[in-house]
Amino acid sequence: MNLFNTTVTDAAIAKVNEVLRSTFLNEGEVVREFEASLRSAVGAPHVATVNSCTAALHLCLEVLGVGPGDEVIVPPQTFIATGLVVLHAGGTPVFADIDPDTGNISAASIRDKITDRTKAVIAVHWGGAPVDLDAVQAVCRDAGVPLIEDAAHAFGARWKGQPIGALSRFTCFSFQAIKGMTTGDGGAIACLDDDDATHVYTRRWFGIDKRKVTANDIGERSALIEQLGYKYHMNNVAAALGVGNLPSYPERLARRREIDKRYRQVLGQSPDVRLLQPLEGAESSCWLFGLRLERREDFGRAMKGRGVPVSVIDRRIDRHPVFGGLTAGLTGAEVFDAEHIAIPLHDGLSDDDVEQVTAAVLAGW
Ligand SMILES: *Cc1c(COP(=O)(O)O)cnc(C)c1O
């Protein structure tokens with residue numbers, strides 16, 4: 001049994017083959033085809049693919065003009081990329097507390113951390129379960145601070161019936177190998193505003209918006225670079241994996257939700273574990289299934305002995321010295337960091353695997 005699976009469908013293999021044989025490997029038609037499919041999947045007017053979610057997050061901060069002296073509020077419970085991109089942009093990450101029942105950033109804590117130097121807030125949908133977007137958006141709106149959703153875990157999730165990707169100024173997705181939908185490595189930025197989209201398209205490729213720059217009759221492009229851009233675009237090979245993998249995604253998501261439901265039925269009855277609880281109105285993409293429990297290391301060893309892989313996935317990231325030391329007073333993060341552990345949740349699990357996992361947990365540690 002594996003903790004994660006990587007699905008590459010036959011359709012994806014066929015599409016990749018087609019691209020390889022075409023020898024047009026650079027960003028081209030297949031990227032545009034993938035972006036069109038993503039736009040309808042997430043219901044956003046603009047979706048720009050990039051080569052990772054890390055690049056996506058960094059690009060959003062660049063578009064917002066984050067630089068030295070600016071603060072960006074982030075949760076400590078996330079993958080290090082969420083904090084590192086703030087440093088890449090020259091800004092200062094400010095860690096807000098999380099709600100230990102979800103692992104997600106707390107709107108009240110964001111409000112406490114906002115200063116006149118706050119330039120953006122990044123909210124992560126931990127494990128794929130949407131953050132309280134109404135509350136977080138209200139705090140951001142009151143303070144006039146833009147919100148970036150780090151939806152690396154949350155492709156396919158919904159908040160109050162609307163897809164994650166259609167709700168905030170910027171939403172960043174990851175298509176890295178172990179995320180729910182993969183292009184090998186890859187990411188995307190969904191945005192609502194036309195000007196933001198133009199900036200994203202421009203800065204993702206050296207400062208040139210390829211959609212707009214055409215060659216003249218002798219093949220010369222005359223665009224001059226005005227904004228600092230990056231080499232962050234997705235190529236046709238990665239996009240072919242995406243185009244091939246995307247159609248079966250809803251089915252795979254449905255299977256993950258079924259397993260999530262089964263875990264809730266069975267493990268919800270154990271007095272020894274607490275399940276993370278999605279909020280009212282949050283439909284998770286079910287990328288992780290998190291438990292909170294005592295004596296986590298003993299639990300990990302017992303599960304390993306029973307053939308069940310488990311993982312803390314990410315410890316709170318402010319423990320890394322690169323961020324300047326642990327932020328004091330984040331009581332939700334302290335509890336979560338001590339108690340959280342994830343069990344396998346993916347569509348490669350058979351019903352027998354699922355029963356093996358629940359039996360292993362119920363057998364104690
Ligand atoms: C995986 C992950 C990222 C980075 O995604 P990449 O596509 O690997 O760059 C960012 N944020 C979170 C929460 C992640 O889990």
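Let's start with helix α9, which gives the most to the lining of the second largest pocket, with three residues. Before going on, a word on what we are looking at: this is a predicted model, where local features need pLDDT of at least 70, side-chain atom pairs count only at pLDDT 80 or more, and totals for chains, interfaces and linings use all residues. Residues are numbered from 1 along each chain as its sequence is written, and side-chain values use heavy atoms, with hydrogens and water left out.

Some terms, then. Helices (H or I, at least four residues) and strands (E, at least two) are DSSP runs, numbered from the N terminus. The search for space uses a 1 Å grid over the protein atoms alone. A cavity is a set of points where a 1.4 Å probe fits but cannot get out, while a pocket is an open set with protein on both sides within 12 Å along at least five of seven lines. A lining residue has an atom within 4 Å of a point. Grid points are joined across faces, edges and corners, and a volume is the space filled by probe spheres set on the points.

Back to that second largest pocket. About 150 Å³ of space lies in it. Its lining is made of A41, V42, F155, G156, A157, R158, P163, I164, L246, Y249, P250 and L253. Two elements give two or more residues here, α2 (29–42) and α9. By class, the lining has ten nonpolar residues, one polar and one charged. In this scheme Ala, Val, Leu, Ile, Met, Phe, Trp, Tyr, Cys and Pro count as nonpolar, Asp, Glu, Lys and Arg as charged, and the others, Gly among them, as polar. Domain 1 (10–247) and domain 2 (249–362) each supply at least three residues of this lining; the domain bounds come from an automatic or database domain assignment.

Now the largest pocket. How much space lies in it? About 310 Å³. It is lined by 21 residues, and the closest to its centre are F79, A81, A152, S174 and K179. Helices α3 (53–63) and α4 (81–88) are the elements that give two or more residues to this lining, and α3 has the largest share, three residues. The lining divides into ten nonpolar, seven polar and four charged residues.

Of its 15 lining residues, W126, A129, R264, L276 and L288 are the closest to its centre. Our friend α9 (249–267) turns up again: α9 and strand β14 (289–292) each supply at least two residues of this lining. The classes here are six nonpolar, six polar and three charged. Both domains give residues to the lining, so the largest cavity lies between them.

The second largest cavity has a volume of about 60 Å³. Among the residues that line it are F4, N5, K179, R252, R256, W287 and D347. Four of its lining residues are nonpolar, three are polar and four are charged. This cavity also lies between domain 1 and domain 2, because both give residues to its lining.

To finish, two helix pairs. Axes are lines fitted to C-alpha atoms, for helices over the stretch in contact, and angles run from 0 to 180 degrees between N-to-C directions. The axes of α9 and α12 (residues 351–362) come within 11 Å and cross at roughly 30°. That makes α9 roughly parallel to α12, given that angles under 35 degrees count as roughly parallel, over 145 as roughly antiparallel, 65 to 115 as roughly perpendicular and the rest as oblique. Helices α3 and α7 (residues 194–204) pack at an angle of about 120°, with their axes 10 Å apart. That makes α3 oblique to α7.
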